[in-house]
Amino acid sequence: MRLVSKCNFFYLITAIFICSLSVFFIIVTNVIASTPKKELQSSLQSQELLDLKDTGPIVGNNVCLGCHGQPGLTMTIQNGDVLDLYVSPDTYATSIHGQDGYACVQCHTNLGNYPHPTFTATDLRNVTLQLTNVCIRCHSGEYNLTMDSAHAAAQASGIREAAVCTDCHGSHDVHQWTDAVTHKLLPAARLSIPTTCSKCHNAIYQKYATSVHGAALSEESNTDVPTCIDCHGVHNIGNPTTAAFRLKSPELCASCHTNPAIMDKYGISTDVLNTYVSDFHGTTVTLFEKQSPDAPTNKPVCYDCHGIHDISRVDNPQTGIEMQKNLLVRCQVCHPDATSNFPSAWMSHYIPSPEHYSLVYYVNLFYKFFIPLVLGAMVALVGLDVGHSIYARTHGGKPRPKPKPVEVQPSELTETPTKPPQIEHNDEIKNDQSEQREQSERSEQSDQLKLNNQGDQTEQSEHDSEEVNHE
Amino acid sequence: MTSQQKSIPSSPNIHVKLVRTFPRFNVSQRWEHAVFLLCIAILLITGLPQKYNTTVWSQAIISSPDRLNTIQQIHHITALVLSALVLYHLGKAIYLISRRKLPGDMLPTFRDIRDALNTLLYLIYIKKQKPAFGKYNFEQKVTYWFLFFSISIMIISGYVMWFPETITRVLPGGVIPAAIMAHSTEAIVTAIFIVLWHFYHVHFERLNLSIFSGWLNEEDMHTYHSLEYNQLVHEPHSDQDPGDMKS
């Protein structure tokens, strides 16, 4: 007892020591970890504040426009290009910055004094690239998002034409594109997005403009349809040719196409994603989207059949894929041997019903009844059998209320009784046999014997002998 | 003689028990069962993760397109082996029919319906005794024929899924999704059937390993196949497939 309590005491002391050590360790590491963070944050804040304050002397816009409001003010830069320095006062006044009364020098921070410091730029594009950096001063969130975009990646790789802030938003004519309160995109902005992108991506814009989405936008000014940014994103526009984008694309389409608020107006089914995912193409794509989002897959996604920018109505006789011949062309991209019957192997987003894909519907219906029937019948029979054997064991006194097999001696082989052996007879034989067994066991020679006791035979005979012993 | 006697060279003071064993399955049948068992196991292991692909255990297996591809290849190869086995089984049956040597024990008869009914009555305590069975009782026939039709559906629908381009040259496209539906659902029925029905009868009701050993001892013969037992003991006929005499 004393030894045990000593041991316990020792364990207790050790445990308290370890606990206090770990608490101490946690406190120390927390202190170490937290101190520099705070310093860093405060230094960052002060830097930003300094930076924002550092606008030089505030000069009124009228002072700037005194020179720059005169058309014809230009400057020649290094490569000989002529940089127009004229700013239309009206244009600026109607821009969102002008409306809110921002001063020129809030962006052009180093131009508060005259004469201006020397400005050097290799060419016109270089001017834009230099000046656009200033947007981060107020719009750091958006600016930093663009740093993750395909445009920024292209810039970094030396493609200077890749879009920067002012390429899309403009410089002196920046307009408000989102609602001031809800921060949702204004309808007018939606209409202008595709044309904005078309400044660089014109070939794609031409396809988009004729698509079901683009036509509705440009011809009907329908702002329910997606514009470029709804699929590609706004500032952090990613590379749409990656495997990850491909695997994620069905969700992209589904964000509108499973929304009844938008789809009901046009009588478009919102089951398109469900039916796609339940088909094996969609199943695979969805699986890998979760499991290995960067894995390339050869399974089709929405745009492989419906088109990417040139999405047409499915009932369009020339291009619509509701027409089997149009769909076949799409099928043959992956299934070159496909023939005219093949496209109907895809259930066209239908949920099987007696009208559409009745064969699938009836196969499904059959199994809906067949599985419970088979399962139920088997469970019932097996359950009854289990119940019966338990009943037989507890009430019948014997493992099985069936005629016991007779150990047929070789001499009896020719004269085995035709009728089932009588129970008493059976018991007699059993008793004889077990006595004999006991005798043989007592003779201590049984170990040397390799009697042919196999399988059920062994179990059964042992069981019998046990029973007799018990009696 | 259709039975085998086992005896040990006896000395007069040792009691020697003689156990007769009866051939039940020949080598071919036993191998067929073993290959069949292996095929079904592999097909289920590689098939079920594809069906239940939204579950965690399945996604642990098919975590990437490469692994899915591997699993599908294993599934396809095993399917080919199973098809070969089925062809062999059918070919053997046709050969035996043409030679008028098909034992015919496995063919369903009206007697089986009566046996099933009587067994049911026995199980609900109306009858005192189970009916006497021949070589294959109704439960074993149900097992055989259920699996026969299950595997037929699985093989046909499997090949339809495997070669959709070829199939749709002849049949309408709607058979492909129907085959997919049938294949995945029938697999579940088959799996449940094997686990619940077959495993119960050969493992839990009694351990019956005759499909592996090839023989059944006299006691089991008498208890479970009394009709066949009586027939063999009294009127042994030589035109039956002699089977494998090893045990």
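**Close-up views of a two-chain predicted model**

**View 1. Chain A, overall make-up.** Among contacts in chain A between residues at least 6 apart in sequence, those joining residues at least 24 apart make up 52%. The model is predicted. Chain A has 471 residues, and 14% of them are buried. Its secondary structure consists of 22 helices and two strands.

**View 2. Chain B, overall make-up.** Chain B contains ten helices and three strands. From one end of the sequence to the other, the elements of chain B follow the order β-β-α-α-α-α-α-α-α-α-β-α-α. Chain B has 247 residues, of which 29% count as buried. For contacts in chain B between residues at least 6 apart in sequence, 66% link residues at least 24 apart.

**View 3. Packing of helices α5 and α7 in chain B.** Helix α5 of chain B covers residues 138–162, and helix α7 of chain B covers residues 175–204. The two helices pack with their axes 8 Å apart, at an angle of about 155°. Because angles over 145 degrees count as roughly antiparallel, α5(B) is roughly antiparallel to α7(B). The contact of α5(B) with α7(B) involves 15 nonpolar, eight polar and two charged residues. The crossing of α5(B) past α7(B) is left-handed.

**View 4. The largest nonpolar core.** This core holds 21 residues. V175(B), I176(B), A178(B), A179(B) and M181(B) have the most contacts inside it. Three helices each supply at least two residues of the core: α19 (324–334) of chain A, α20 (358–395) of chain A and α7 of chain B. Which helix gives the largest share of this core? The largest share comes from α7(B), with seven residues. In soluble globular proteins, nonpolar side chains tend to be buried together.

**View 5. Surroundings of M181(B).** Which residues does M181(B) touch, leaving aside those up to four places away in sequence? The contacts of M181(B) are V360(A), V363(A) and N364(A). M181(B) is also one of the residues with the most contacts inside the largest nonpolar core.

Terms used. Residues numbered from 1 in each chain as written. Chains lettered and ligands numbered in written order. Predicted model: local features only at pLDDT ≥ 70, side-chain atom pairs only at ≥ 80, totals over all residues. Helix = DSSP H or I, 4+ residues; strand = E, 2+ residues; numbered from the N terminus. Buried ≥ 20, exposed ≤ 12 C-beta atoms within 10 Å, placed from the backbone. Contact = placed C-beta atoms within 7 Å. Axes fitted to C-alpha atoms, helices over the stretch in contact; angles between N-to-C directions. Parallel < 35°, antiparallel > 145°, perpendicular 65-115°, else oblique. Left-handed = near helix turned anticlockwise from the far one by under 90°. Nonpolar A, V, L, I, M, F, W, Y, C, P; charged D, E, K, R; others polar. Core = buried A, V, L, I, M, F, W, Y, C linked by C-beta atoms within 7 Å.
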